[in-house]
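The sequence and structure come first.

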Amino acid sequence: MDWREEGVVLARRRHGESGAIVEIFTEGHGRHAGIVRGGGGRRMTPVLEPGNQVDVAWRARLEDHLGAFTVEPVASRAAVLMADRRTLAGLNAVCSLLSFALPEREPHPGLYQRTQAVLGMMGEGPYWPIAYLRWELALLEELGFGLDLAACAVTGSVEGLAYVSPKSGRAVSEAGAGAFKDRLFPLSPALVGRGEGSVEDLRDGFRTTGHFLRTWLAPALGDRPLPEARQRLVDLLTR
Amino acid sequence: MNGKTDLETLIEMMAKLPGLGPRSARRAVLHLIKKRALLLMPLADQLTRVGQTVRECLNCGNIGTASLCAICESDKRANGELCVVEDVADLWAMERASVFKGRYHVLGGALSALDAVGPEELRIPKLLDRIAAENVSEVILALNATVDGQTTAHYIAEQLEGRIAVTSLAQGVPVGGELDYLDDGTIGAALKARKAV
């Protein structure tokens, strides 16, 4: 059994004295683990930093074996992003959420493309936090917990959407919220790709996605707590 | 008893050391036996002695044989500079260079999203206490240029922001390094940190 593809390094653990078990997110094979012989050595350690783009060849005798990766570097994203604390926190949040949430060996090509886009935007300008927030929405959607922010859950209107229901994950308009508006999350413009990504917008957006990551996604994954890296990023972007 | 001789047990234990396997452990043990008086007995004595006395420095986390290591004991090293490293191995590497004349603080690892290592698992609270108590003027972050190392560096810098000067080691072309063999990340970091000649 073998395949070859490009992917993003999500995590690396030492295995024995010189090897490493590496998790890589690829377009065609999803989150996939494998052993990299020499992956703990001086030559390979910089290549296997989380976030780096690599070309991997996977080979195993049987399909369900862990298998071994042969890795070639394509782009050292980690080196570029680690210079700034916000982009480094963003990189950590993306990699740890993917590692936390994705089932192994299940392709998610749409999410892979979104991940490439958000990692590419980091460090390129001031708008990557909005892209990251929308990436969290895409993550929820890809795993079956998508929010419906297109129309009001109460009136069906597509105008005047101002809230998100913490129960249904659907948008609610100002008129539809009525007396329940205190129990709803404000609909951050950043969630629907509008606005400049002000601290308030990001705070509202992260509050919404964080709620659904915690109450919808995490219970489906054995009720594990969300990775701390996400909270660290939220703290940095919303202070 | 599991039926093993003392020699076999010794070989098994040696094989657990980094860099050694069963075959090389057998060679090492055989070498020790051949040099019994010169090597085996002094090594056994020294291992016993170190086993009884070795301890972590209460102040910096270095390894020594007293409650305070030699660096923390020395008044000459109290020059106001405090170098933060991940591990004792990093401290020893810095000492080998014989360039840094201040004191150290060993964190005992790095923040890790994957392994859920938070600030409380490291000696970061102790670092903050030391900065207040030891009249430190500059903290030098000598942490690994890895995602975990730099996450730790940014976290510490954030904790100390506005309180004290915080610097970190430069990143770039190593001495004796050839550009052709460097990864693009290192070349990028080196270019960003270029200096006037």
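Helices (H or I, at least four residues) and strands (E, at least two) are DSSP runs, numbered from the N terminus. UniProt positions follow the numbering used here, with feature names shortened, and annotations may be inferred rather than shown by experiment.

This is a predicted model, in which local features need pLDDT of at least 70 and side-chain atom pairs count only at pLDDT 80 or more, while totals for chains, interfaces and linings use all residues. Residues are numbered from 1 along each chain as its sequence is written, chains are lettered from A and ligands numbered from 1 in the order in which they are written, and side-chain values use heavy atoms, with hydrogens and water left out.

Domain bounds come from an automatic or database domain assignment.

| Chain | Domain 1 | Domain 2 | Separation of centres (C-alpha) |
|---|---|---|---|
| A | 2–75 | 81–148 + 187–238 | 23 Å |
| B | 6–53 | 76–168 | 35 Å |

Within chain A, 24 residues of domain 1 are in contact (heavy atoms within 4.5 Å) with 19 residues of domain 2. These two domains of chain A bury about 1,600 Å² between them, 56% of it on carbon and sulfur atoms; buried area is the accessible area (1.4 Å probe) that two parts lose on being put together, summed over both. A:F25, A:E27 and A:R31 supply 46% of the area that domain 1 of chain A buries against domain 2 of chain A, more than any other three residues.

In chain B, the unreviewed UniProt entry places "domain: Toprim" at residues 80–174. That span of chain B is 36% helix and 18% strand, with its end C-alpha atoms 28 Å apart.

Between the chains, the contact takes 25 residues from chain A and 21 residues from chain B. About 1,800 Å² is buried between chain A and chain B, 54% of it on carbon and sulfur atoms. A:M82, A:R85 and A:R232 supply 31% of the area that chain A buries against chain B, more than any other three residues.
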